[in-house]
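Here is a short briefing to read alongside the model. Keep the viewer open and follow the topics in order.

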Amino acid sequence: MPSTCVVGLQWGDEAKGKIVDALCDRHDMVVRYQGGANAGHTVVTGGVTYKLSLLPSGILRDGITSVLGNGLVIHPPTLLEEIERLAGQGIDVSGRLLVGDRAHVIMPYHLVEERLTEESTEAAEQLGTTRRGIGPCYRDKVGRVHGIRIADLYYPDSFREQVRRAVEFKNRSLSALLPSFTPLDARAITEEYLALADRMEPYVGDATDRLHREIESGSRLLFEGAQGTLLDIDHGSYPYVTSSNSSAAGIWSGSGVPARFVDRWIGVVKAYTTRVGEGPFPTELHDETGERIRRVGREFGTVTGRPRRCGWFDAVAGRYTARVSGSTELAVMLLDVLSGIDRLRVAVAYEDESGARVSAFPAHLDRLAQCRPVFHELPGWSEDISGVRSWADLPENARRYVQFLGEQVGVPVRIVSVGPDRDQTIWLDSATDRT
Ligand code: IMP
């Protein structure tokens, strides 16, 4: 049975949640495979806005089971808060949420470590993280000495010992970083987390085993990437990335489901580019047009509220990330935001300091920072397109622009979004696209 992946091809916030939501009807499960509460998903349906950070967008749909795979880092208080907030909006997740027991747990010291690390780093070197403890938790996972997994919460004796050892170590290292640091209390943390574990228990299970059993019985899975491919720890603009494989590469490792079970690979891009946090951004706009995109596109972080940096579409980056994430089709989002801009620009190559053309996305951030975009200019359109529902009804210049993005990235565009609501979506080919 066909399974699908939906991943961002830029620096996150590509409105992936909307595509996942739109495709839910044709799938049985939505699976997140990396990251944690650093992701911000806003889904608007029937005029109601739902803000999700840890739970996949599929949680809003009846009949869909949402899975948090082994590759996630989960902060139990945030998870429970999100479940309760949804309950307050009339969405009951009972029996429809599975939290993988191999996922790692974000502990209180991870949040402190991240804050102190960022604050004790010179401003120019700060990563501008979401401060959700993501990096420190993955560091402990990979370091293997202090990592704690969801399953550990259900073995209280060994869990107490794990927390005691970790807190002793963290207290020593954090006091070295900040002498006035008030040591954390291992016993209080243990009791707090054991109580949270009790509340989470109905949702916890072996996600890998369940996913494989579902595949064997013909269920269709929808893998939802958080962040974007340019924030991937291996393939992104390192070190200004997140700490997980946010490209499609993370699906296999972060869910235990091999790539051969996925047949549809949707790469999601905005019609322009945004970035939150630090790091080079070749097509960034520092002018009135950038301000306009931020204002019209409401480009402020869902998780942190930070204004997003805005710029033109970058096809050099897009070609690279579409390859890495194996995209077979593109979804172009927020096209309506560009309405009314006279001349639109797309970076089709970079030039380095010597004026030489750079066609591949550079590995080193200094080189990326030195690259100047080579732009191709296209005429814009002035019409409000938010009410358009078919490809043919888009202004000709809007169609040309979208087609140009697809040609430059090297992947056909099959979905265009012209507004936040579920029905503000244009499916390019036929109705079968949604299957
Ligand atoms: P972290 O994931 O909190 O460690 O942050 C690392 C970088 O990824 C920072 O630049 C964040 O702004 C960025 N980031 C993390 N999650 C998201 C997201 O969901 N959308 C956009 N940027 C993100």
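This is a predicted model: local features need pLDDT of at least 70, side-chain atom pairs count only at pLDDT 80 or more; totals for chains, interfaces and linings use all residues.

**The ligand and its shell**

- The ligand is surrounded by 17 residues, and the closest are Asp13, Asn38, Thr130, Thr242 and Arg306; a residue is near a molecule if one of its heavy atoms lies within 4 Å of it.
- Thr242 brings a polar side-chain atom to 2.6 Å from an oxygen atom of the ligand, while Val276 has a backbone N or O atom 3.2 Å from an oxygen atom of the ligand.
- The protein buries 96% of the 470 Å² that the ligand exposes when taken alone; accessible areas come from the Shrake-Rupley method with a 1.4 Å probe, and for residues only the protein chains shown count as cover.
- By class, the shell around the ligand has 6 nonpolar, 9 polar and 2 charged residues. Here Ala, Val, Leu, Ile, Met, Phe, Trp, Tyr, Cys and Pro count as nonpolar, Asp, Glu, Lys and Arg as charged, and the others, Gly among them, as polar.

**The second largest pocket**

- The volume of the second largest pocket is about 200 Å³. On a 1 Å grid over the protein atoms alone, a pocket is an open set of points with protein on both sides within 12 Å along at least five of seven lines, a cavity is a set where a 1.4 Å probe fits but cannot get out, and lining residues have an atom within 4 Å of a point. Grid points are joined across faces, edges and corners, and a volume is the space filled by probe spheres set on the points.
- Its lining includes Lys51, Leu52, Thr78, Glu81, Glu82, Arg85 and Arg132.
- Both β4 (48-52) and α2 (76-88) supply at least two residues of this lining, and the largest share, 4 residues, comes from α2. Helices (H or I, at least four residues) and strands (E, at least two) are DSSP runs, numbered from the N terminus.
- The lining of this pocket divides into 3 nonpolar, 3 polar and 5 charged residues.

**The cavity**

- There is 1 cavity of 30 Å³ or more in the structure, and the largest cavity has a volume of about 30 Å³.
- Residues lining the largest cavity include Gly236, Ser237, Tyr238, Phe361 and His364. The lining has 6 nonpolar, 3 polar and no charged residues.

**Backbone geometry worth a look**

- Most residues other than glycine have a negative phi, and most peptide bonds are trans.
- Tyr238 and Pro239 are joined by a cis peptide bond, with omega about 5 degrees; Pro239 sits in the loop between β10 (221-228) and α8 (250-255).
- Arg131, not a glycine, has a positive phi of about 60 degrees and lies in the loop between α3 (108-119) and α4 (134-143). Arg131 counts as partly exposed because its relative accessibility is 33%; buried means under 20% relative accessible area, exposed over 50%, and partly exposed in between (1.4 Å probe, protein chains only).
- Leu334 also has a positive phi, near 60 degrees, in the loop between β15 (329-333) and β16 (343-351). Its relative accessible area is 18%, so Leu334 is buried.

**Buried positions and distances**

- In helix α1 (residues 16-23), 8 of its 8 residues are buried; among them are Lys16, Lys18 and Asp21.
- Glu14 is in the loop between β1 (4-8) and α1, and counts as buried because its relative accessibility is 0%. The C-alpha atoms of Glu14 and Val268 are separated by 6.1 Å, although these residues are 254 residues apart along the chain.
- Ile189, in helix α6 (residues 186-200), is buried at 5% relative accessibility. From C-alpha to C-alpha, Ile189 and Thr289 are 48 Å apart in space and 100 residues apart in sequence.
- Thr425 belongs to strand β20 (residues 425-427) and is buried at 6% relative accessible area. A polar atom of the Thr425 side chain lies 2.9 Å from the backbone oxygen of Arg422.

Technical notes: Residues are numbered from 1 along each chain as its sequence is written. Side-chain values use heavy atoms; hydrogens and water are left out. A polar contact is a pair of N or O atoms within 3.5 Å; within protein, one must be able to donate a hydrogen and the other to accept it, and residues adjacent in sequence count only if both atoms are side-chain atoms.
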